[in-house]
Amino acid sequence: MKHYEVEILDAKTREKLCFLDKVEPQATIAEIKNLFTKTHPQWYPARQSLRLDPKGKSLKDEDVLQKLPVGTTATLYFRDLGAQISWVTVFLTEYAGPLFIYLLFYFRVPFIYGHKYDFTSSRHTVVHLACTCHSLHYVKRLLETLFVHRFSHGTMPLRNIFKNCTYYWGFAAWMAYYINHPLYTPPTYGAQQVKLALAIFVICQLGNFSIHMALRDLRPAGSKTRKIPYPTKNPFTWLFLLVSCPNYTYEVGSWIGFAIMTQCLPVALFSLVGFTQMTIWAKGKHRSYLKEFRDYPPLRMPIIPFLL
Amino acid sequence: WLVLAIAMVRFYMEKGTHRGLYKSIQKTLKFFQTFALLEIVHCLIGIVPTSVLVTGVQVSSRIFMVWLITHSIKPIQNEESVVLFLVSWTVTEITRYSFYTFSLLDHLPYFIKWARYNFFIILYPVGVAGELLTIYAALPYVKKTGMFSIRLPNKYNVSFDYYYFLLITMASYIPLFPQLYFHMLRQRRKVLHGEVIVEKDD
């Protein structure tokens, strides 16, 4: 069996960083990354991008050396992706914040509202209901991060955690401030409006959870396989017939429900911003599905049935 | 903008004071400065290679000054700081638009290019100073009248305080101004430095 030689060059400076000899032909990129870390410990595998061409696409961890278009001496180009942080860590941090912050406002902790309101409680039922909904929503997200989601990428760039937390924590504080304010005005159409909004919220939360479970079942533990999602026996998953990313559809629905329930403009703005971002993600995902699967159902739209 | 410049110079020569200057040129100013919104559109549709974000920030700050400060807060219209930024904007825009026009005609006199990439070194900080001083002068009036603000309680459960918004805007100059300034300095080095090398080859 012939062994390969692998030399790793810096993609920008073309400087020779590492030379590996006696590499197995069946070695994967992941294994090569591990070998590279041995000589350069500050570049752990998650922050390495290895490619065949300095300006080309990154090779995948699963790619096998033998199957790449290289001779027995392979030249790989290295790019540093910067400090990385695990998705799980980011999710837990960005979701724990709103949960905690909202409660600070709900319990009217000192220095937020005037001192005469410290630790007082709102006399509006909807305010208590809103706190329950908001809190359960983020508890659900935390539990899903720990037990449900299966991530294809382990990590993301470190600076994302600051950007993401600012977004989630900032909006949570802004919404919570008004909903729990002593001068809060309950919805114009009273209990009817709240009941309808609550129904929308609960249905969409159940829907979102159902989709997360369905997506999880598509992929065995520890793998990175990708398959077309299809509706299951669960009626909430039937939205897959019309939409590529029903989890995002349900998520937007939940926040619209919450906005109607609280009749609070900041909540509506949060929903709008979230919808914009999720639409961008849904379109990207939809495009990937179309590229990867020839038999992808043609009726499906990215996020809104028939429209978007 | 030349119209504006001439109007301002004539006013000062006739009246000898800057008081009432803004009032006399305000329609022209509003007309031409608002039209600058087109520059954002040009970036969006791609006929101009500049970033939408950079142009957006610069045009927005001008629109903000003209409509949300000087137009809306009448008591500060006779402040000296207003003249400061008006003069700075006028000279800057005349230089900038001349640069674009001559570039398009393929007959760019070196001094226009020189002006476009050197005047800003003084004009930019002067303009910013004028803008900041004007906003600062406006603060007491904004606080007293509570203009452009939404108070609680209201049925959409939202509030907005224009006074604090202005304070935050003033603070935002601190990170934004150096970025735009250094961007221009880098452009200058690229354009004028390149020019020097070409001349040496000759």
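How many salt bridges are counted between chain A and chain B? The count is zero. A salt bridge here is a side-chain nitrogen of Lys or Arg within 4 Å of a carboxyl oxygen of Asp or Glu.

Some ground rules come next. This is a predicted model, in which local features need pLDDT of at least 70 and side-chain atom pairs count only at pLDDT 80 or more, while totals for chains, interfaces and linings use all residues. Residues are numbered from 1 along each chain as its sequence is written, chains are lettered from A and ligands numbered from 1 in the order in which they are written, and side-chain values use heavy atoms, with hydrogens and water left out.

Start with chain A. Its domain assignment gives domain 1 (4-82) and domain 2 (87-286). Such bounds come from an automatic or database domain assignment. The C-alpha centres of domain 1 and domain 2 of chain A lie 40 Å apart.

UniProt, in an unreviewed entry, places "domain: TECR-like N-terminal" at residues 5-80 of chain A. UniProt positions follow the numbering used here, feature names are shortened, and annotations may be inferred rather than shown by experiment. Residues 5-80 of chain A are 14% helix and 34% strand. Helices (H or I, at least four residues) and strands (E, at least two) are DSSP runs, numbered from the N terminus.

Now look at the sheet. Four strands of chain A form an open sheet in the order β2-β1-β4-β3, with mixed pairing. Strands β2 (16-23) and β3 (48-51) of chain A stand at the edges with a single partner strand each, so one side of each has no neighbour in the sheet. Neighbouring strands of this sheet are turned by 25° against each other on average, direction ignored. Two strands pair if DSSP finds at least two bridges between them. Strand β1 (residues 4-10) and strand β4 (residues 73-80) of chain A pair in the parallel sense over six bridges. There, A:Leu9 has A:Tyr77 in β4(A) as its bridge partner. Helix α1 (residues 29-39) of chain A packs on the sheet and touches β1, β2, β3 and β4 of chain A. The direction of α1 makes about 120° with that of β3(A). Axes are lines fitted to C-alpha atoms, for helices over the stretch in contact, and angles run from 0 to 180 degrees between N-to-C directions. Strands β3(A) and β4(A) pair in the antiparallel sense over four bridges. A:Ser49 has A:Arg79 in β4(A) as its bridge partner.

Next come the transmembrane annotations. For chain A, the unreviewed UniProt entry lists residues 85-107, 166-184, 196-215 and 256-281. Residues 85-107 of chain A are 87% helix and 9% strand. Residues 196-215 of chain A are 100% helix, with end C-alpha atoms 29 Å apart. For chain B, an unreviewed entry gives residues 35-61, 117-142 and 162-182. Residues 35-61 of chain B are 74% helix, with end C-alpha atoms 14 Å apart. Residues 162-182 of chain B are 100% helix, and their end C-alpha atoms lie 30 Å apart.

Finally, return to the interface. The contact (heavy atoms within 4.5 Å) takes 11 residues from chain A and eight residues from chain B. Chain A and chain B bury about 860 Å² between them, 58% of it on carbon and sulfur atoms. Buried area is the accessible area (1.4 Å probe) that two parts lose on being put together, summed over both. In chain A, A:Tyr178, A:Leu183 and A:Gln263 lose the most area to chain B, together 51% of what that side buries.
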